[in-house]
Amino acid sequence: MSTTPKYEVLYFPIRGRAEQIRLLLALTGTQFTDTGVADWPNLKPKTPLGQLPLLIDRSGAEEFVIPQSAAIMRHLARSLGAYGDSEREAVLAEVLAETVQDIRAKFVPIAFAARYNPPADTVAKYWSEVLPHNVQLLEKLLSRSTKPEAGFFAGARPTYADIMVFDLLDGHVTMRPSCLDGSAALKAFMARIAALPALAHYLATRRPSELSAG
């Protein structure tokens with residue numbers, strides 16, 4: 001019987017946009033191959049959209065190569081049981097996932113300032129105004145859970161969208177460790193996700209973040 005993982009994640013050898021995919025696979029106890037792409041110019045024309053990350057799903061009769069990180073997350077969530085336990089929870093997860101995408105789009109130029117070169121006042125405004133506003137949005141969504149006492153966004157257990165929030169906020173906290181100090185609810189959520197036994201080994205052994213405090 002083959003022990004080769006049925007899933008392979010292809011991305012540059014950083015956390016980046018593939019980290020949420022790795023976290024979801026770890027959360028669901030799914031073995032996977034984490035392939036760091038070294039020769040991107042040679043691989044790029046062979047990919048569906050000329051971009052990374054990619055998921056290669058070998059769980060079926062035919063190999064399935066999937067681009068687009070959000071599509072990968074939803075595919076894995078459906079396949080691995082992390083999409084919520086009811087239609088209501090699934091919708092709550094989808095709303096959360098879309099919100100995370102919106103927040104991430106504003107965060108990326110700040111996180112990778114050396115590449116995007118945003119004005120200093122834009123960076124300052126992000127941390128003083130934009131992030132606090134988005135924290136309030138996330139707190140509101142957290143309060144809408146069908147099982148608020150559990151401390152997850154959709155129901156009694158975490159979904160793929162919870163993992164997306166964790167990954168997003170983990171990047172923020174890496175850069176500004178105190179940035180969630182005004183939100184007891186989100187700090188507790190982050191601690192709750194990090195303490196999940198299924199994630200413990202992965203979080204303890206994963207590659208260092210490419211982001212830095214500043």
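A salt bridge is here a side-chain nitrogen of Lys or Arg within 4 Å of a carboxyl oxygen of Asp or Glu, and a search of the whole structure finds eleven of them. The structure is a predicted model, in which local features need pLDDT of at least 70 and side-chain atom pairs count only at pLDDT 80 or more, while totals for chains, interfaces and linings use all residues. Residues are numbered from 1 along each chain as its sequence is written, and side-chain values use heavy atoms, with hydrogens and water left out.

Helices (H or I, at least four residues) and strands (E, at least two) are DSSP runs, numbered from the N terminus. Strand β1 (residues 7-11) pairs with strand β2 (residues 32-36) in the parallel sense over five bridges, where pairing requires that DSSP finds at least two bridges between the strands. Between β1 and β2 the chain passes through helix α1 (residues 19-27) in a right-handed β-α-β crossover, meaning that, with the strands pointing away from the viewer, the path from the first strand over the helix to the second runs clockwise.

Helix α1 also holds Glu19 and Arg22, three residues apart, about one turn of the helix, and these two form a salt bridge whose closest N and O atoms are 2.7 Å apart. Glu19 is buried, with a relative accessible area of 0%, where buried means under 20%, exposed over 50% and partly exposed in between (1.4 Å probe, protein chains only). Glu19 also meets Arg206 in a salt bridge (2.9 Å, N to O). Because Glu19 lies in helix α1 and Arg206 in the segment after α9 (197-205), the pair ties together parts that are 187 residues apart in sequence.
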